[in-house]
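User: I am new to this structure and would like a close look at a single part of it. Please keep the account plain.

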Amino acid sequence: MVRLHRNERQSPLPDWFVNKVSRAIGGSLFTNYPAADELYRVLGEQLELPEDQILLTAGSDAAIKALFHAYIRQGDAVVMLQPSYAMYEVYARLFQAEVRAVTFDRDMKLDYQKLLDCVSSGARLVILANPNQPTGALLEQRLLREVIERAARVPALVALDEAYYPFSDFTALPWLSGFSNLLIIRTFSKAAGLAGLRIGFVAGHREVVENLFKVRSAHDINSIAVLAATLLVNHPEIMADYARQVSQGAEVLTRMANGLGLEALPTYTNFMQIRVGHRCDPSRLVAKLEEKGYLVRSHTGVPCLEDCIRVTLGPPELMMSFGRALQQALEELDEGRRD
Ligand SMILES: Cc1ncc(COP(=O)(O)O)c(C=O)c1O
């Protein structure tokens, strides 16, 4: 099965990288508790931030959970987009927060004023994936700044989840020095391709990072993840090269999908939403593609994405073979309807 349903990296990491990690795995790496000092040092250098403004976490999901754990009490309001990364709402419910969700309309437009209005009394946290997942939308910088400024007055924290950096090259990281209520969350799961090793980080004001540190589990990131992430930070060309491959793959798939009479939506991530609803039932297309060896997703019950399938992007050759399978699947669904 080709896994185009979870936004994972589709190309293997370079052989030299895998060999270097494999060779380093030995006795003390297994027997000693993890040591991440070197990773904090190189990451701090790369992000141009003091190390005490960074906290490594077991995937970005652990950073998100820590944020709720440290800051959210029963009845606090959490502002988020709808739909967005599903765990925001799961953690909000777990910590008994009030969810203030701003929903994308059917045309995938967002009511900016409504978002700003939600950032008001009772809000403790605003959590926004930028670009958003699964809509792929990138929020305007002007709006983000307004959200952060309003939140500072409430006061509330603003967490910008940049899981899809550097597919989208915008980052609010340079804004950290100007806003003490801002946090940036990143992961090594997407462009870096370490989803199986569980490593990410959060960057923000010293005091916030300290509070997140207090609620984390001891030794929560493992030594192999630390080793691989350190190597990746030292070789930024690995992620940059993959982001280039994905952008070329996106061009190929856009051309093929539009050529088939579908509508490929613009993307700033390693996934693409393709509107198929006018041609066929998206969930039947997903099942047909699965028969052909490709896993993709549909979004039943999500109004703005109900007529879409979501496809993880990869290098151009992979997108070409997926595009051919998509064409066959559509033809077979058409034939099925005629029979
Ligand atoms: C927007 C967003 N944030 C966070 C995550 C979690 O990533 P991880 O826990 O693997 O770092 C995902 C995963 O799909 C995501 O799409």
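How many bridges join strand E7 to strand E8, and do the two strands run parallel or antiparallel?

Analyst: This is a predicted model, in which local features need pLDDT of at least 70, side-chain atom pairs count only at pLDDT 80 or more, and totals for chains, interfaces and linings use all residues. Residues are numbered from 1 along each chain as its sequence is written.

Strand E7 (residues 182–187) and strand E8 (residues 200–204) are joined by 5 bridges and run antiparallel. Within this pair, Thr187 stands opposite Gly200 of E8. Strands (E, at least two residues) and helices (H or I, at least four) are DSSP runs, numbered from the N terminus. Two strands count as paired if DSSP finds at least two bridges between them.

E7 and E8 belong to an open sheet of 7 strands with mixed pairing, in the order E2-E8-E7-E6-E5-E3-E4. At its edges are strand E2 (54–57) and strand E4 (98–103), each of which pairs on one side only. On average, neighbouring strands of the sheet are turned by 20 degrees against each other, direction ignored. Axes here are lines fitted to C-alpha atoms, for helices over the stretch in contact, and angles run from 0 to 180 degrees between N-to-C directions.

Helix H4 (residues 59–71) packs on the sheet and touches E2, strand E5 (123–129), strand E6 (157–161), E7 and E8. The direction of H4 makes about 150 degrees with that of E7. Helix H7 (residues 141–153) also packs on the sheet, touching E5, E6 and E7, and its direction makes about 150 degrees with that of E6. Contact between two residues means that their C-beta atoms, placed from the backbone, lie within 7 Å.

H4 also takes part in covering another helix, H5 (residues 86–94). The buried residues of H5 are Tyr88, Tyr91 and Ala92. They lie on the same side of H5 because they cover an arc of only 105 degrees around the axis, the arc being that of the directions from the helix axis to the C-beta atoms. What covers these buried residues includes H4, strand E3 (77–82), E4 and E5. The face of H5 turned away from its buried side carries the exposed residues Ala86 and Arg93. A residue is buried if 20 or more other C-beta atoms lie within 10 Å of its own, exposed if 12 or fewer, and partly exposed in between, with C-beta atoms placed from the backbone. After H5 comes Gln96, whose phi is positive, near 55 degrees.
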